[in-house]
Amino acid sequence: MFERRLYYHIDWLLIGALIAICLVGLAMIYSTSGGATRLYWTQVYALGLGLGAMAVAVTVDYRALADKSHWIYLGMMILLIGVLFFGSVRGGSRRWIDFGPINLQPSEFAKAALALMLAKMLGEERRPALTNNDLFIAAALTSVPFLIIARQPDLGTAVTLLPILLVVAYVAGMPMKYIYAMLVVAVLSAPIAYKFGLQDYQRERISTFLDP
């Protein structure tokens, strides 16, 4: 599973610059928060977790994950459903699972799980061409986490699943006419979705973004 040869292909200058930016951010938090406060140490722990996740992502062969994508996808869906029943409520949304010192937000990991699942399904070498049935299945796989996440409610994160579907389907050979049709439908349905599909706080966020 581990590709040690990747060590020689890593852009260490880029990694160093990334770590330097993170350290500058920690220094600014330390200065503005009045020292080694809880906020500061939270960011330190987050940086450590992020570096660990980056190391795993770099060293693990993605093909090994793709072969298990159906199990990863199923596990993420179970976690998302679990959030609706056992998740912690904060700011009016039920998005996190409390594991003591760690709060897990499955909707963020659902993005990677969906990308792996779609890439495995639509990237089969034996497939001569992308069919309408393939697109329907891909849309169904996307709609399940989309609806669950939107139910939390977290429409912002749910919407980020749609570009994943479009990009993977396009790379797999989806004709451009389908993308154009989706864009037209999105533009025409936007006013209706804004009026009837969004909560008051979501409309307020959009208004604030357009007119700060």
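Gln 152 is in contact (heavy atoms within 4.5 Å) with Leu 80, Val 83, Leu 84, Ser 93, Arg 94, Arg 95 and Ser 107, leaving aside its neighbours within four places in sequence. The model is a predicted one, in which local features need pLDDT of at least 70 and side-chain atom pairs count only at pLDDT 80 or more, while totals for chains, interfaces and linings use all residues. Residues are numbered from 1 along each chain as its sequence is written, and side-chain values use heavy atoms, with hydrogens and water left out.

**The loop between α6 and α7**

Gln 152 sits in the loop between α6 and α7. Helices (H or I, at least four residues) and strands (E, at least two) are DSSP runs, numbered from the N terminus. With a relative accessibility of 5%, Gln 152 counts as buried; the term means under 20% relative accessible area, with exposed over 50% and partly exposed in between (1.4 Å probe, protein chains only). From Gln 152 to Cys 22 the C-alpha to C-alpha distance is 31 Å, and the two are 130 residues apart in sequence.

Asp 154 belongs to the loop between α6 and α7. Its relative accessible area is 5%, so Asp 154 is buried. Leaving aside neighbours within four places in sequence, the contacts of Asp 154 are Arg 95, Gln 105, Ser 107 and Ile 149. The side chains of Asp 154 and Thr 157 are joined by a polar contact of 2.7 Å. A polar contact is a pair of N or O atoms within 3.5 Å; within protein, one must be able to donate a hydrogen and the other to accept it, and residues adjacent in sequence count only if both atoms are side-chain atoms.

**Other residues**

Asp 134 is part of helix α6 and is buried because its relative accessibility is 12%. A polar contact of 2.9 Å links the side chains of Asp 134 and Thr 131.

Leu 165 is in helix α8, and its relative accessible area of 14% makes it buried. Not counting residues up to four places away in sequence, Leu 165 touches Leu 118, Ala 138, Ala 139 and Thr 142.

Asp 11 lies in the segment before α1 (12-32). Its relative accessible area is 46%, so Asp 11 is partly exposed.

C-alpha distances for two pairs are as follows.

| Pair | Separation in sequence | C-alpha distance |
|---|---|---|
| Asp 11 and Arg 94 | 83 residues | 39 Å |
| Leu 165 and Leu 74 | 91 residues | 17 Å |

**The largest pocket**

The largest pocket holds about 1000 Å³ of space. On a 1 Å grid over the protein atoms alone, a pocket is an open set of points where a 1.4 Å probe fits, with protein on both sides within 12 Å along at least five of seven lines; lining residues have an atom within 4 Å of a point. Grid points are joined across faces, edges and corners, and the volume is the space filled by probe spheres set on the points.

The lining of the largest pocket comprises 29 residues, of which Phe 146, Leu 155, Val 159, Leu 162 and Ala 193 are the closest to its centre. Two or more lining residues come from each of α6 (132-150), α7 (155-159), α8 (161-171), α9 (176-197) and α10 (200-210). The most come from α9, which gives nine residues. By class, 19 lining residues are nonpolar, seven polar and three charged. Ala, Val, Leu, Ile, Met, Phe, Trp, Tyr, Cys and Pro count as nonpolar, Asp, Glu, Lys and Arg as charged, and the others, Gly among them, as polar.

**The whole protein**

The protein has ten helices and three strands, in the order α-α-α-α-β-β-β-α-α-α-α-α-α along the sequence. Taken along the principal axes, its C-alpha atoms fill a box of roughly 55 × 50 × 35 Å. Of its 212 residues, 26% count as buried. Among contacts with a separation of 6 or more, 59% are between residues 24 or more positions apart. The protein exposes about 14600 Å², of which carbon and sulfur atoms supply 70%; accessible areas come from the Shrake-Rupley method with a 1.4 Å probe, and for residues only the protein chains shown count as cover.
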